[in-house]
Number of protein chains: 6
Amino acid sequence: PDGRRVPRFAAPDTFARLPTLDAVGAAAVAVVGVPFDAGVSYRPGARFGPQAVRAGSKLLRPYHPALGVEPWRVQQVADAGDLAVNPFDIAGAIEAVAAGAADLLGRAGHLVAIGGDHTIALPLLRATAARHGPVALVHFDAHLDTWDTYFDAPYTHGTPFRRAVEEGVLALEASAHVGIRGPLYAPRDLIEDHDLGFATVTTLEVAERGVADALARIKARVGGRPVYVSVDIDVLDPAHAPGTGTPEPGGLTSRELLALLRGLDGVHLVGADVVEVSPAYDHAELTALAAANVVYDLLGLFALQA
Amino acid sequence: PDGRRVPRFAAPDTFARLPTLDAVGAAAVAVVGVPFDAGVSYRPGARFGPQAVRAGSKLLRPYHPALGVEPWRVQQVADAGDLAVNPFDIAGAIEAVAAGAADLLGRAGHLVAIGGDHTIALPLLRATAARHGPVALVHFDAHLDTWDTYFDAPYTHGTPFRRAVEEGVLALEASAHVGIRGPLYAPRDLIEDHDLGFATVTTLEVAERGVADALARIKARVGGRPVYVSVDIDVLDPAHAPGTGTPEPGGLTSRELLALLRGLDGVHLVGADVVEVSPAYDHAELTALAAANVVYDLLGLFALQA
Amino acid sequence: PDGRRVPRFAAPDTFARLPTLDAVGAAAVAVVGVPFDAGVSYRPGARFGPQAVRAGSKLLRPYHPALGVEPWRVQQVADAGDLAVNPFDIAGAIEAVAAGAADLLGRAGHLVAIGGDHTIALPLLRATAARHGPVALVHFDAHLDTWDTYFDAPYTHGTPFRRAVEEGVLALEASAHVGIRGPLYAPRDLIEDHDLGFATVTTLEVAERGVADALARIKARVGGRPVYVSVDIDVLDPAHAPGTGTPEPGGLTSRELLALLRGLDGVHLVGADVVEVSPAYDHAELTALAAANVVYDLLGLFALQA
Amino acid sequence: PDGRRVPRFAAPDTFARLPTLDAVGAAAVAVVGVPFDAGVSYRPGARFGPQAVRAGSKLLRPYHPALGVEPWRVQQVADAGDLAVNPFDIAGAIEAVAAGAADLLGRAGHLVAIGGDHTIALPLLRATAARHGPVALVHFDAHLDTWDTYFDAPYTHGTPFRRAVEEGVLALEASAHVGIRGPLYAPRDLIEDHDLGFATVTTLEVAERGVADALARIKARVGGRPVYVSVDIDVLDPAHAPGTGTPEPGGLTSRELLALLRGLDGVHLVGADVVEVSPAYDHAELTALAAANVVYDLLGLFALQA
Amino acid sequence: PDGRRVPRFAAPDTFARLPTLDAVGAAAVAVVGVPFDAGVSYRPGARFGPQAVRAGSKLLRPYHPALGVEPWRVQQVADAGDLAVNPFDIAGAIEAVAAGAADLLGRAGHLVAIGGDHTIALPLLRATAARHGPVALVHFDAHLDTWDTYFDAPYTHGTPFRRAVEEGVLALEASAHVGIRGPLYAPRDLIEDHDLGFATVTTLEVAERGVADALARIKARVGGRPVYVSVDIDVLDPAHAPGTGTPEPGGLTSRELLALLRGLDGVHLVGADVVEVSPAYDHAELTALAAANVVYDLLGLFALQA
Amino acid sequence: PDGRRVPRFAAPDTFARLPTLDAVGAAAVAVVGVPFDAGVSYRPGARFGPQAVRAGSKLLRPYHPALGVEPWRVQQVADAGDLAVNPFDIAGAIEAVAAGAADLLGRAGHLVAIGGDHTIALPLLRATAARHGPVALVHFDAHLDTWDTYFDAPYTHGTPFRRAVEEGVLALEASAHVGIRGPLYAPRDLIEDHDLGFATVTTLEVAERGVADALARIKARVGGRPVYVSVDIDVLDPAHAPGTGTPEPGGLTSRELLALLRGLDGVHLVGADVVEVSPAYDHAELTALAAANVVYDLLGLFALQA
């Protein structure tokens, strides 16, 4: 509905008040919630992320001036609702997300998933790679998320990309972490991550060399490969994203993150997620608004490919 | 969806995750949001009330043990979404709500409206009286809401029942305010209200004589007439409902309010609203949860009439 | 200003938007802020109490129906602003409050002080007793506040009434604590308090025997003596007054406290304070609203004596 | 340390600033944290409960006037720290809690556990029953917690007492739920619970008949059997305990809950827990303070048995 | 009062504790509140803006080192209180603000208004242009605010500068928007705004080219014309100004905004406002402090012209 | 404990879950809390700072990649608990902190103190200078803190470095303020500070010339002298550190502050503090996390000197 005719604070409560996927049957891009947070190691609550990001999306308007595109005018975009995932069974939940995503990809060209915690990136990558082959991962995060296990658990929000490497769903020579910062468990964390094959653009490098330099490095790395963008909202500074589970001071501003995303115009985007929005720690929707704008930019990138 | 199969924190975001009225076509009772707050005299924000009460309704389960009924199993209940009301034109908004409610009553036997501020009770009463004739009003509120004008404005959240009297939509000999307390503008406020024909059960009377006594007085007054229940959430003490616009200390507990509502079993309920939930002042969904349970109890009362 | 002509959310920011004492020159009763909290033993912040209670007083209206009086119509009531007290020198602050109160009593018949922490009750009692002789203290509080010293400090928020006893400003045979509850340092706390001469009405007694019984006991004790009412807002349950420094679960409801205050109609009130509102811990003005209504009830009692 | 010598806001951060169990070697009663919340079905966060309840315990003082006892003077009480439980493996966590509790009972006569979610009651009951035989459960909660499974999961915060029944660790003829209220999944929820053998005292019964009546019923039921008290903090009204995961309006006041606990003086208490404090939803430590006072009352009951 | 003699947390509650305009009779510059928010399209609450900004101004001290001036020492500055505006009649409110501002300009050389929502800029511009002729507008905002109508309403917070153009109160060839960002309704929003005659400095341009470049562009545009500065606080990033109604991620930092304002030294400032502070969404006075410092910088600019 | 074995949200609650100084006997560096805030002029609450910063330190991990060091692996680091300081006697508290710090320096090579308000820097400097002679002060703060007196009080949070100069504990020719900004009392504030001998790097200079330039100036000034780093958390912008007592908009980002601290690698660090964390004004631990990372960086600098 037009925000100048039907108040933005009115229902429906879908993402950006878009139609449901059920209502339109099929879509070029579908936004889907994955309310799962049983994989978190510190502050939980990302299970309420999809609901919060949808609420935060109400202020979005149809025209994206920075990208020069009307994301849901140039192609059908829809809200696919939430995947029903078991909060008590991590392995089962991963299977359910993989199956749910695969199913949705039968009706939607691409998915933008809203977490939930970062555990969900693994099944989403599986479903994406099943269609596009191994993908170049552009991973915005304060953390590497390539640890092996926590408490002997192989599937957690700190391990999805280690598992993804093992499963062969990543084009490692084209993948990169962006925004890494903060304390680690041991020097070998960096070494192991590097040995897996990831490149890294740290927050400090973005700060010192600027967004354009970071973009150049990322784009050179991914080249023309199919790209999956995974945005852990904690890549933002806690001032910009208090509502998250493992905050790290000294992060990106929302201005930098949005500039980085918009700068990805031209890469071959095939899937994306934004994760780790934990509303109980948010204030005045700061984090939800940032995440909703991340989704909006991703929809803009998809629209430019249309 | 069953909360033991699909997590309650997952979509859909309709009231109690009920189907939409559009999806089911018609319903015995429809819940409808009226996100309008241009009539408030102090803290605004009730425009976000429907969204918040729906979010607070996610914990509701299908069986109401105090009333011994499964409200949406014994008859079809649906969520009719929100009425689109103009935030910049109070008179126009009142017309729109009256028209919208009348339209919905073509598809739904009864309405439970979620405000929005108390201004909306007037057009809802109009639509209800158009079908049932003048109704007995059972009005839970800290305030009388029978003032004449504020700032020369005839339609505000402090005046709906004065207008309703003038429009002849109330069965005054059967109507009552419940929960009145707090400072007034002048002694004549009470006199004028009494002269209009309302009875009053104050909070202090509930406190001193108990819920059963209050119920006996209310039921004796309304008799067998069609009853409209209007619940301003500020009838609750601010400790139980911080998220409202004109809070008054010394109010009812949520336990008392729910007992009063459940005690209305047996009256001939024909319409209802719960208003003045202002989420920006809420904490941990206290007020939204209370309001969602008010709606649930009203749905239970309707179910017992089915 | 009339709240139906000038919005209540508009300036001025005096208590209940009353005129300043400077503007009217003299008053029957003056409300005065004492923004001092250097005497607190746990959560500080009551220095912002006067500002918060004034903000919370904006919703007060001119007619008090429970007492049947228009507090500032039957006599002049004014806002005397805040006393300037040194935050770094407790003894000096006490002298300044005593001097400031004495000075104000040259222009105002009675004072209702808004704290600040409970330390300020001592100098206020001094100033009151200087005019009326030893006063019967009706002390609403979760705590006795008759400890001897903390950290060797004689003047703190836990000791004002021990000092007041020593200074001879209390009519001990007529004084009582109301609302006492919660853990103590040792059994002798109660014994010493009793030996000083105070009576005690515990919260549990109010709960079990009711407000009327408590009032009967209080009124029997104070008789016709001049009465000073001191309300530590923590006499309320934390649900009703989260914004305070040493909260104790299991307290009075705001409904009970207001009923107790209104029930003091008939005693010879000569001075009063409400203290320990710490806004940084408040939510949605719960505590400030409760305190503003306490002041309003005290002004109503003064008006009935006029 | 004495709160009049070492400020209460200073370290140590143990419960009530008691010594650690390691420091004293053995204790009559040990307080132990169980920071586990992977069993929750709605709002998570109880993993931070032990930290919050300890912080909320800083205001506790040594003498309990309502019980007339100095809980940690009459016998050694100590803080045993937190059990290390795996957040990613519910079954493993239950084993770890059972083993940890059994181990602690080698050094402590009794345990008072701070959750964590209600899942932990099962292993705590196991460890208690291993020492005392089947125990009479006095279960304060808004919910029955005797459901069979959620999402096919047998071990969740909604199922501990069903499992406890199956494991034979409860003296069912002596066990009762207290404070039950709110919507259920189906009428059979109550029937199944009754068939398992539990008695129930609802919140409404406490409200209508009073605390003394409820206590008489509870005490008659438990008789002289060893009693385990399990307090889900959501037995309190959300106004008194906003910081919890599945809040239900219309609950007990903290005054009622503390009176109920204190009234258990005379039963043969052998173990206890307080669970479901979720600090991210708390405000001004309302919930943490209530829970800390629950622990304090339980320690008082243990002290009276010493 | 001197903040080293009278605590800053003490009354009076005027802006920066300056004297009232009534007390001093006339002033070179008056600060005036306009507590009106009936023109907002999303989160309301700016009606409480003046009260919050005054509270946030308490930390301001007399010397502005960045501008090298003592704003209220070099000329008389006063607080004119709040204009009484009708919350239920937008058109009437606009007339009242225009009349009130004109009236104040009889006693004050210049006004700095504190909103309230952006609707109030229109009548303030009218009053300013009545004295100075069409003014160059320097408009700091995330949004253009030159839309034609919302819900058919011509006067809202999204339309003041369209109306101002139509009324001829702007020197369009000298006016500019600064800080524009975020999604729009359609590509024509930008085209229409450009066709009206405004220049635009986007947030991204400030980010990429720096504050000095932006200032050079603004100053070249305004030249020597009389300048009106209108600051919508949402020009700041939500991290710096959460307490506003239509937040947009990716905004200016408070450091950038203050540098931009201070850099306007040398332009011919004749009037100013700061609007859209909505305290219910603020935290720890972040937004109020920022707005108070905006006012302080504007007062500094006026002082340099004295 | 290893955060991959014992959850980070579990006890112990020492800084970064390090052992206590009592447990290890002696340490190269000890972290010590100083919960004192009787010296504050505006928002109090820093007495809860040590508890909050310890809670915020739970996410710290053992390896500091930016400094390439494992701070508590290369040498013993311990948590010395809190100093017990009298909240009612500023002069006595200063003596107690000086004595306590001197005592701890018998068991710890260096101290990193967590305040508490800035008053505590004076006795900490005394104790440090007693061991190392006059120290070069690198003082991160929005404010100079070299005022003479407030309310005639010589010892407050605005005066520690004036007193330190007078006591001869500073190497003035090597000392500097970093991050200064915001309004002052008078032009002479800057002159007097300069005349005392301090150099100043303002926030604006950091913004315009960058971190590297600021570091070069600081390092040139301190040379090889023993350095004491004092970090008032209000050097950060309120968006990054809302939880403080005298916030000033326009400050450093946490990214800048951490870069400045890490850039001090190579100076001869001998002592440090981080002060003015006031948790009641914090949100989602933003300020506590920033302060915990400041301590972590300081521990990293000490480790590089080991």
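This is a predicted model: local features need pLDDT of at least 70, side-chain atom pairs count only at pLDDT 80 or more; totals for chains, interfaces and linings use all residues.
Begin by selecting chains D and B together. Chain D superposes on chain B (RMSD 0.0 Å) by a rotation of 120° with 0.0 Å of shift along its axis. The two copies are thus related as by a three-fold rotation axis. To locate this axis from chain D, select D:A239, whose C-alpha is the nearest of that chain, 3.2 Å from the axis.

Next, display the contact between the two chains, where 36 residues of chain D meet 29 residues of chain B. The area buried here is about 2,800 Å², with 61% given by carbon and sulfur atoms. Select D:Y42, D:F151 and D:Y185: these supply 28% of the area that chain D buries against chain B, more than any other three residues. The copies meet through different surfaces, because only 6% of the interface residues of chain D are also interface residues in chain B.

For the charged contacts, select D:E248 and B:R61, whose side chains form a salt bridge (3.1 Å, N to O). The interface of chain D and chain B has 4 salt bridges, and 13 residue pairs are in polar contact between these chains. Now colour α6 (187-196) and α7 (203-209) of chain D, the elements that give two or more residues to the side touching chain B. Of these, α6(D) gives the most, with 4 residues. By class, that side of chain D has 18 nonpolar, 10 polar and 8 charged residues.

Finally, move to chain F and select F:S57, in the loop between α2 (49-56) and β2 (77-82). Is F:S57 buried or exposed? F:S57 counts as buried because its relative accessibility is 1%, under the 20% limit. Beyond residues up to four places away in sequence, F:S57 touches F:T14, F:F15, F:A16 and F:A292.

Note on methods
Residues are numbered from 1 along each chain as its sequence is written. Chains are lettered from A and ligands numbered from 1 in the order in which they are written. Side-chain values use heavy atoms; hydrogens and water are left out. Buried means under 20% relative accessible area, exposed over 50%, partly exposed in between (1.4 Å probe, protein chains only). Contact means heavy atoms within 4.5 Å. Copies are superposed by least squares on the C-alpha atoms of residues with pLDDT of at least 70 in both. Buried area is the accessible area (1.4 Å probe) that two parts lose on being put together, summed over both. A polar contact is a pair of N or O atoms within 3.5 Å; within protein, one must be able to donate a hydrogen and the other to accept it, and residues adjacent in sequence count only if both atoms are side-chain atoms. Ala, Val, Leu, Ile, Met, Phe, Trp, Tyr, Cys and Pro count as nonpolar, Asp, Glu, Lys and Arg as charged, and the others, Gly among them, as polar.
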